[in-house]
Amino acid sequence: MTLTAAKSRTLIPALLLGTALAFGSLGAVRPALAQGPESVADLAQGLLGAVVNISTSQSVKEEGDGPVPQVPEGSPFQELFEDFFKNRGKDGDNNKVNSLGSGFVIDPAGFVVTNNHVIEGADDIEVIFPDGSKLKAKLVGTDTKTDLSVLKVEPPAPLTAVKFGDSRKMRIGDWVMAIGNPFGLGGSVTVGIISASGRNINAGPYDNFIQTDAAINKGNSGGPLFNMSGEVIGINTAIISPSGGSIGIGFAVPTELAENVIKQLIEFGETRRGWLGVRIQPVSDEVAESLKIGKARGALVSGLVKGGPVENGPIRVGDVIIAFDGKSVDDTRDLVRTVAESAVGAEVEVKILRDGKEQNLKVKLGQLDDEQTADASAAPGTTPEDGDLPPPDDGEEIAPRDEGGEQQSPGVPDAALPAVLGAIGLELGTLDDAARKTYSIAESVEGVVITSVKPGSPAAEKGLEPGQVIVEVAQEFVETPEDVGQTLSALKNEGRRSAYVMIADTEGNLRHVAIPLE
């Protein structure tokens with residue numbers, strides 16, 4: 001890094017301006033101007049000793065020699081290039097890659113917190129302390145979903161440590177201080193405010209980041225974000241930057257999420273998260289209206305995971321979870337985080353909306369593992385929000401269509417298909433053996449098969465496709481195209497602007513959509 005001193009002539013006008021402000025045009029002495037914000041020197045001095053640099057090394061196997069640059073004979077670089085390319089194949093064709101990050105001591109016995117991405121894949125981890133001393137570190141545990149890791153060193157004497165504070169007490173506008181190792185410059189202190197909270201940057205299933213304008217750069221990852229009492233309220237993890245440097249948008253994992261993860265990593269070497277075993281999706285305004293629950297809120301249960309804690313009740317498909325273990329659930333992310341933070345095996349109270357009425361249920365949580373995570377369980381997976389699914393590709397026709405007009409579902413007379421279906425853009429058929437074979441629909445799926453979707457129609461905008469199955473309309477099971485048409489017509493005649501429909505894919509995965517009727 002090159003630091004360029006400012007030219008002296010640029011300082012002269014500033015000095016003259018300062019003189020004029022202090023003495024005035026007649027040389028009379030005026031009161032000195034304020035000296036800026038209150039210093040954080042005393043606060044920083046007591047914390048610097050607990051913030052460390054994390055140095056890692058990793059062996060990377062060469063993928064091939066590649067072309068050797070052609071250097072002119074007699075060039076002063078000839079010997080340098082020849083030595084480099086002759087020796088690069090030694091030591092088993094491996095090269096050492098080094099990286100630097102930040103961390104902080106949370107226990108005088110030698111426990112150190114950092115980010116998973118700082119130490120991921122490392123062969124050797126070394127903790128470098130502010131006085132220059134170094135200790136080899138052992139990985140205690142890591143959690144990729146929150147990007148947190150815990151290391152352990154064996155110090156000859158107790159270390160300076162910092163303690164966690166409560167990030168939930170922090171407000172937007174509160175002052176914070178970051179200490180870390182940006183670009184290898186250890187012990188760097190920056191100050192700013194909390195710009196926002198609860199940020200979702202699609203980094204993982206439990207995103208709930210603190211956003212700060214305190215300068216955070218490459219190398220700050222894993223370092224602490226302090227409140228003005230010297231307590232850690234966040235672990236600096238990510239930045240948004242087109243240039244690679246700080247533009248005042250940095251993100252930290254809040255301690256309300258991190259503290260429990262870190263305790264579990266120290267105790268078990270892994271995280272042990274609660275598992276409810278339901279598939280969920282957001283509650284859109286249309287779905288809220290169809291369910292008659294007022295404003296859109298909570299998490300809609302779109303399916304129950306086989307073998308999960310609530311497979312056989314008491315939660316049902318179609319329930320809207322609005323509170324979990326005494327904590328309000330405003331959206332799906334709230335439920336995902338709250339369930340994951342709950343103790344495995346705990347019996348918790350769940351408040352739901354069913355048939356427009358509130359009910360309190362008791363459920364016992366299981367333990368989430370990686371396979372269950374991939375299974376789109378209630379922590380963390382969700383099904384796509386209404387309208388997020390793309391319409392069929394142009395020209396794709398799974399079921400044949402008659403040119404020049406709307407096609408009727410096989411064997412269903414015109415009078416049995418109300419105009420509302422044509423307005424929605426749906427053509428339906430009976431889910432018989434032939435339809436199951438045509439669309440590869442599982443035997444466990446029951447309902448009415450969609451045979452065609454008109455491009456650009458309300459049904460297409462909601463992501464409906466041929467081969468999907470309508471299971472329920474307005475929480476009523478349907479078996480025939482006539483059932484669907486008559487129910488939709490009745491809802492429209494009642495003045496309903498949308499219809500609440502449960503859709504199954506070919507494998508039986510469920511989701512709910514609100515299809516416009518106007």
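A cavity, on a 1 Å grid over the protein atoms alone, is a set of points where a 1.4 Å probe fits but cannot get out, and lining residues have an atom within 4 Å of a point. This is a predicted model: local features need pLDDT of at least 70, side-chain atom pairs count only at pLDDT 80 or more, and totals for chains, interfaces and linings use all residues. Residues are numbered from 1 along each chain as its sequence is written, and side-chain values use heavy atoms, with hydrogens and water left out.

**Stop one: the cavities**

Select Leu291, Ile293, Gly318, Leu353, Arg354, Asp355, Gly356 and Gln475; they line the second largest cavity. Its volume is about 30 Å³, a volume being the space filled by probe spheres set on the grid points, which are joined across faces, edges and corners.

Now go to the largest cavity, of about 80 Å³. Its lining includes Tyr206, Asn260, Arg273 and Ala340. Which helix gives the most to this lining? H6 does, with four residues. Helices (H or I, at least four residues) and strands (E, at least two) are DSSP runs, numbered from the N terminus.

**Stop two: the largest pocket**

A pocket is an open set of points with protein on both sides within 12 Å along at least five of seven lines. The largest pocket holds about 390 Å³ of space. Select Arg168, Glu256, Leu257, Lys327 and Glu341, the lining residues nearest its centre. Again H6 (255-268) gives the most, with six residues. Leu257 and Glu341 also line the largest cavity.

**Stop three: the cores**

A nonpolar core is a set of buried Ala, Val, Leu, Ile, Met, Phe, Trp, Tyr and Cys residues joined through side-chain atoms within 4.5 Å. Buried means under 20% relative accessible area (1.4 Å probe, protein chains only). The largest core has 50 residues; Leu276, Ile315, Ile321 and Phe324 have the most contacts inside it. H6 gives the most to this core, with five residues. A second, separate core of 23 residues includes Val420, Leu426, Val484 and Val513.

**Stop four: strand E8**

Select residues 175-180. Five of the six residues of E8 are buried, so the strand is largely enclosed by the rest of the structure. E8 runs antiparallel to E9 (residues 188-199), joined by six bridges; strands pair if DSSP finds at least two bridges between them. Ile179 has Val189 as its bridge partner in E9. E8 also pairs with E11 (residues 224-226), antiparallel, over two bridges. There, Ala178 stands opposite Leu225.
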